[in-house]
Amino acid sequence: MKSDDCPEQLSIVRQENAQLGALLRVDFITGLPIRRVLAERLRPLVGESDHRAFALGVVRLDERFHRRFTEGSLVEILTYTVGQRLLSLAPGDVYQSWRTDEFVILVEDPDLLTDLHAFGICLREAVSAPLQHGAMDIRLGCNIGFAVYPEHGSTVSELLGNAELALGIMEIRDGTTIVYDDSMGRRRRRVFEIEHAIAEEIQNGLEGFSLAFQPVVDTERRIRGAEALTRWNSAILGPVSPGEFIPIAEHYGQIQILGLWAVFTASTIAGRWGRSDRLHPIVSVNVSAIQLRDPEFADRFVELIEAGGGDPSRFRLELTESAIIDDPDLAQHTLKALRERGVHLLVDDFGTGFSSFSYLHRLPIATIKIAKEFVDTILDSDHSRAIVQSIVQVAHSIGGTALVEGVESEEQYRVLREEGCDFFQGYLFGRPKAVDDLELLVLET
Ligand code: C2E
Ligand code: CA
């Protein structure tokens with residue numbers, strides 16, 4: 001249709017398009033302006049010769065959001081609420097990204113720019129403030145990545161790409177906000193290499209993986225247990241530490257297989273010990289939050305121990321507080337089922353996370369493991385000592401025991417015994433070692 005064909009009709013179409021255009025500039029759920037509006041706003045800034053600094057932050061709700069909330073109207077309420085919470089900290093500077101669970105924040109305030117990390121923490125806290133919906137108590141989590149103009153990119157899309165790269169690295173490490181730096185491209189490549197090499201290992205029966213055992217002793221220094229720690233000597237990459245490969249295996253869903261392999265392998269070893277009179281330490285196995293999400297986990301775990309020849313009542317499962325809080329109802333169900341089958345339960349790294357005491361009474365927890373960071377400072381800090389004291393009290397009040405990790409000196413061991421700790425683990429008593437070396441150590445003590 002040519003413009004002079006039918007002026008009346010054309011004006012209606014134009015009006016409709018203008019309305020649509022106006023509408024399309026905001027997200028119809030959150031009411032926030034969309035990314036295109038941000039690009040328009042930034043166009044004059046990006047071209048400036050005096051390079052006035054600004055940052056773009058990408059805020060993405062973590063994967064629990066999609067896993068736990070599938071009902072359409074609730075998803076809309078939650079995304080709207082998150083948008084409003086971000087706006088309260090950055091009025092007029094929040095944009096809706098392409099994804100419903102993602103927001104972009106423009107930071108121009110020089111004070112905020114000098115400490116983006118602190119600003120990111122405020123944003124995270126705002127997003128994760130508790131929210132009541134009917135009978136549901138909802139707590140959301142998010143990851144954030146920032147990129148700064150002009151250091152990290154000369155165009156809006158380059159900046160957003162780098163902010164997303166920073167965010168992606170945070171998602172794998174499950175940490176706090178992160179500002180892009182030039183090493184991230186390299187780190188991202190390393191993540192891909194590791195993910196690829198684990199996939200190859202899975203194809204080849206996990207041959208490059210093995211278990212090391214670290215002794216756990218009592219107040220008399222007798223070995224009473226051993227923690228199974230996974231080691232990996234990759235044919236492609238050489239040795240890779242668990243601190244590096246476990247979060248990647250968790251992120252890409254490979255931890256399920258790796259975790260089951262660790263339980264079965266530990267069980268074949270413990271099965272051997274079970275038949276010996278002198279050797280029968282309790283074997284601890286680490287379990288990730290993701291493994292606990294499998295409703296069949298308790299059955300699988302016990303079946304694998306039995307298939308390997310071990311006795312479930314000689315096994316201890318180590319899990320972090322976040323694994324419990326992730327989905328408390330499912331965790332409660334799974335942990336009760338495991339306890340009924342005789343498996344001991346341990347809360348790992350206690351004191352570093354949420355340290356919510358409320359769940360401890362509801363769950364059949366037998367042992368609380370006190371995090372190494374309190375041991376590191378216990379000789380110089382009354383504060384650390386007081387924390388250790390109160391964790392020991394909590395452990396005993398639930399009828400359990402307190403195990404402390406990272407003990408490196410005789411002096412730390414003495415003080416920790418004085419504070420009432422029951423079990424001890426650390427380089428002072430032995431580093432993680434091959435099973436034959438652990439057996440020798442047990443026989444010597
Ligand atoms: P974690 O469960 O906190 O394990 C304790 C870590 O502290 C181990 O590191 C151990 O080698 C180290 N450690 C023990 N005593 C001392 C000490 O006295 N001083 C110092 N500086 N360090 C000590 P590792 O073996 O590198 O494991 C790191 C993490 O990887 C573990 O932390 C655990 O969360 C995870 N992990 C290891 N194996 C598995 C597994 O099979 N499954 C899962 N889900 N996670 C695993
Ligand atoms: Ca552990």
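A charge is taken to sit over a ring if NZ of Lys or CZ of Arg is within 6 Å of the ring centre and within 35 degrees of the ring normal. I applied this to the model, which is predicted.

**Entry: charges over rings.** I looked up Arg431 and found its charged end over the ring of Tyr427, 3.8 Å from the ring centre. I then turned to Arg417, whose charged end sits over the ring of Tyr413, 4.1 Å from the centre of that ring.

**Entry: aromatic pairs.** I noted 11 aromatic pairs in the structure. One of them joins Phe209 and Trp232, which are stacked, with 5.0 Å centre to centre and 5° between the planes. This pair links distant parts of the chain, as Phe209 belongs to strand S8 and Trp232 to strand S9, 23 residues apart. I recorded both Phe209 and Trp232 as buried.

Trp232 also pairs with Phe245, here edge-to-face, at 5.4 Å centre to centre and 80° between the planes. Trp232 is in strand S9 and Phe245 in helix H9, so this pair ties together parts 13 residues apart in sequence. I found Phe245 buried, as is Trp232. Together with Trp261, the residues Phe209, Trp232 and Phe245 form one aromatic cluster.

**Entry: helix H9.** I next examined helix H9, residues 242-251, where the buried residues are Phe245, Pro247, Ile248 and Ala249. I listed what these buried residues of H9 pack against: helices H7 (156-173), H8 (184-203) and H10 (255-274), and strands S8 (209-217), S9 (223-234) and S10 (238-240). After H9 I noted Gly253, which has a positive phi, near 75°.

Notes:
Residues numbered from 1 in each chain as written. Chains lettered and ligands numbered in written order. Predicted model: local features only at pLDDT ≥ 70, side-chain atom pairs only at ≥ 80, totals over all residues. Heavy atoms only, no water. Buried < 20%, exposed > 50% of the residue type's maximum accessible area, 1.4 Å probe, protein only. Helix = DSSP H or I, 4+ residues; strand = E, 2+ residues; numbered from the N terminus. Contact = heavy atoms within 4.5 Å. Phe/Tyr/Trp six-rings, centres within 6.5 Å; stacked < 30°, edge-to-face > 60°.
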